[in-house]
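I opened a two-chain model today and kept notes as I went. Here is what I looked at.

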Amino acid sequence: MERVNIAGGEHPTASAGMTPTRRRFLVGASVVAGMVALPGLSWAQDKPRQGGKLRYGMNDGSQQDTLDPASWATVMTGFAFNGSLCNNLVELLPDGSLAGDLAESWAGEEGATRWTFILRKGVKFHDGRPLTPEDVRQSLLHHMGEGSTSGALAIVKQIKQIDKQGDEKVIFTLAEGNADFPSLMSDYHLSIFPAKEGGGIDWQSGIGTGAFKLESFEPGIAVRLKRNPDYHKPGLPHFDEVEVVNISDATARLNALMTGEVDVIEDLDIRNVALVERNPRLKIVRTPSLRHLTFDMNCSVAPYDNPAVRKALKLAIDRDDIIAKVFLGEAKKGNDNPAASIMPFYAETPPQHAYDPDAAKAILKEAGLDGVTVDLSVAETAFPGAVDAAVLFKEHAAKAGITVNIVQEADDGYWDNVWLKKPFNASDWYGRVTLDWLLATSYTSDAPWNNTGFKKPGFDALVKSARAEMDQAKRAKTYAEAQQMLHDEGGVITVAFVSWRLAMTTDIGHAALGGILPADNHRGAERWWRTDA
Amino acid sequence: MTTKSHPILSMAASRIGLGLLSLVIVSLIIFSAVSFLPGSYASAILGQNATQAAISAMEIKLGLNRPWFVRYLAWLGAAATGDMGLSFSGRPVMALIGPRLKNTLVLASITAAIAVPLSITLGIVCARYRGRFIDKFLSTSTLASISIPEFFVAYVVMMVLAVKLQLFPSMAGIRNGMGLGEQLYRMVLPILTLLLVILAHMVRNTRAAILSVMASPYVEMARLKGEPEKRVVIRQALPNAIGPIASVVALNLAYLISGVVVIEVVFVYPGVGQAMIDAVRNRDVPVIQACALIFAAAYIGFNLIADIISIVSNPRLLHPR
């Protein structure tokens, strides 16, 4: 029996901020964020304090939001419900690694088709009921079955069977091996709720195992939470109360922060960065994310079916120029690999594609082409700044003898009528927790969102063989090969990776934030604290 | 001589009948328009998890696989019995809109209670002192405030009173369990903004209505008989100007209910306008329909009341020959 990835012992986040390594990291992070402690003011972030209230201004709450985990789609539900009311079997730590949460440890066997999770002892739901394997089983079954509309359907579809053993073991049997299965259990839909008599889960009452209990929930308006004194992570949470308010307008959100109505706001507009940086009471926290903005070429449609055209277009775009002018420096250059550097198994894909109109021209000439004309479909909704980026791209490409016609598409319906349909379009990708999930949903031949029409049996085989591979080194090698293939031959022009950009008062203390999910992997409410409490 | 039915009752009856017909037409137009929009609730909600299989599963669950007119007839049948149905998120539409509608009505009533008497008074003052400084000042400033987009007024008000002077909170978000005093305090800025937006329209129309009556011969006659100008304006001209004034007030009151979504967004006020925008974005048809009906009913209702006021204030209409 092969066993991998056994997490256990003391919960790692409970000591966040105490270990020397993390403190060192913190200092680095605060300098990056442009925050220098004022002399005489000890900006003590290292020692969390108890008490106080966190007020968080969100941008995407919707009146369609419900407590049903299968329906969660907004950051507001992810942060308030998944990250505060509930826990998953596992937790994504700020550094992107995986730790046990409701599960104390896990092990995979039989070619990663059978996964046994051992539940943490003494975990209680908010109403005092102890956590049992049945709760876990029903919470997963909630997303499965005929006619499921859950956002986690793609994950749970691979589960063939869920068994309980005793009062602490849950055993998942998968249809085919997947070494990433424990990571996938961190998906925010897969929050654990109490099972009901006779099957199903009770999500309606908002009772979970999380750091906070539900006080009130007004869909699309606000969620109010109170500290759970019996939380299973020692010393957490720090806040007594949390209030998550929906403020959809960017200016109103900034004003709410400036006037002290809220402590943290989501998604600070890049045009307001300087304004916030000038204010000594406020700070900006940038966290590298999985989110990337791309121009996608369909590799099975002319002229993009010609590898030379794809290569030339990748060299005919000046990413630095776009990042400086459109994103005002608030983005990281992409290198035609959709994997983010914070993901496990991310690999560098040399060389960094740089703007080289002469080389692009030469490549086209070698392929017997004297210039090429392409239609690029964009809309502001494709990604923020997509139209401006396309206009710059047009100028850059002209120098390489490539004519880029910008087709301005309607914002409304872009994802239904343009994305996946037009052969060269702009796209905004929120990324996936694991490389396998990213590649299998968007880049393999049968991927449902194969926007680049990339169909290469060799690539598919690499992704498939890596999926069930339990040897980490072998897996890393296979994934590196797959990423290099996308970089060299794929249809994706990764323009930039963007960071989560939070603005907050200096009264909120925190360690380094996780960036795989927004708001410190949704768990900011239990990880942060007030420095003035 | 046959007994004629009362003119107000018969007018009200026919207007209510026509109003109901308008509501049905409005609901039909909106329902079909939303159905022709690209995208669906399923793709909006599933976002980056929207595989074809997930979309069709959700559409079957919500009955969206039926043709739109079949869904419309089903909706109409339920709505006729007062059942607004369930939002696609599974909550009853009325439970979803109810609290927001209450907030909208509170904001609208307070604003109206201040705006209507104030604007009519200012309109009378302008008419009375026509061409004098006060008239020119009010005419110019109202013209300016009517010309500036409402969101700009809102941001200026917010910048000055909330961000710079810090007199009032920038967020008007009222919530359950908040005292009446604090609720009102939080609503000051949106009310002020709305006042600036709607006052202008009403002041200018009141002034114009009175001045047009002032040009009639009977006003000249009253003056010749030596009536003081103030009395001429209030006793002779105003009663005959009530009809047009009532119409413009009705339009502005309906606007307060249906058109303040920008103000709601800027001040984070949880009203029904935001509910509709949210619903349109997600193609949540039952909620869109309910909001549209509320807005249409507000216009029809206020206009009906304005017409009744015109008739009551005008003996010629009250006793038609």
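**Ground rules.** I am working with a predicted model, where local features need pLDDT of at least 70 and side-chain atom pairs count only at pLDDT 80 or more, while totals for chains, interfaces and linings use all residues. Residues are numbered from 1 along each chain as its sequence is written, and chains are lettered from A and ligands numbered from 1 in the order in which they are written.

**Chain B, overall.** I looked up the secondary structure and got 14 helices and zero strands for chain B. Helices here are DSSP runs (H or I, at least four residues), as strands are (E, at least two), and both are numbered from the N terminus. The C-alpha trace of chain B spans about 85 × 70 × 35 Å along its principal axes. Of the 321 residues in chain B, 37% are buried. Buried stands for 20 or more other C-beta atoms within 10 Å of a residue's own, exposed for 12 or fewer, and partly exposed for in between, with C-beta atoms placed from the backbone. I also checked contacts (C-beta atoms, placed from the backbone, within 7 Å). In chain B, 73% of the contacts with a separation of 6 or more join residues 24 or more positions apart.

**Helix 13 of chain B.** I picked helix 13 (residues 285-313) next: its 29 residues reach 42 Å from first C-alpha to last, close to the 42 Å expected at 1.5 Å a residue. The expected span is 1.5 Å times one less than the number of residues. Its buried residues include B:Val285, B:Pro286, B:Ala296, B:Phe302 and B:Ala306. What do the buried residues of helix 13 of chain B pack against? I found helix 1 (7-36), helix 4 (68-80), helix 5 (93-128), helix 10 (229-258) and helix 12 of chain B.

**A crossing in chain B.** I then followed helix 5 of chain B to helix 8 (residues 180-214) of chain B: their axes come within 7 Å and cross at roughly 35 degrees. The axes are lines fitted to C-alpha atoms, for helices over the stretch in contact, and angles run from 0 to 180 degrees between N-to-C directions. The crossing of these two helices is right-handed, a term for the near helix being turned clockwise from the far one by less than a right angle. This contact has 22 nonpolar, four polar and one charged residues. Nonpolar covers Ala, Val, Leu, Ile, Met, Phe, Trp, Tyr, Cys and Pro, charged covers Asp, Glu, Lys and Arg, and polar covers the others, Gly among them.

**Helix 9 of chain B.** Is helix 9 (residues 217-224) of chain B buried or in the open? The number buried among its eight residues is zero, so it lies largely in the open. Just after it, B:Gly226 takes a positive phi of about 95 degrees.

**Where the chains meet.** I found 38 residues from chain B and 33 residues from chain A in the contact. On the chain B side, helix 3 (52-62) is among the helices that supply at least two residues. Helix 3 of chain B gives the most, with six residues. By class, the chain B side divides into 21 nonpolar, 13 polar and four charged.

**A:Val498.** In chain A I looked at A:Val498, which sits in strand 17 (residues 492-505). A:Val498 is buried because it has 24 other C-beta atoms within 10 Å. Leaving aside neighbours within four places in sequence, A:Val498 is in contact with A:Ser289, A:Arg291, A:Leu293 and A:Ala331. A:Val498 and A:Ser289 are 209 residues apart along the chain, yet their C-alpha atoms are separated by 6.4 Å.

Most residues other than glycine have a negative phi, and most peptide bonds are trans. I noted a cis peptide bond from A:Ala302 to A:Pro303, with omega near 0 degrees. A:Pro303 is in the loop between strand 12 and helix 8 of chain A. Another cis bond runs from A:Pro350 to A:Pro351, with omega near -5 degrees. A:Leu328 has a positive phi of about 50 degrees although it is not a glycine. With 13 C-beta neighbours inside 10 Å, A:Leu328 counts as partly exposed.

Notes: Two residues are in contact if their C-beta atoms, placed from the backbone, lie within 7 Å.
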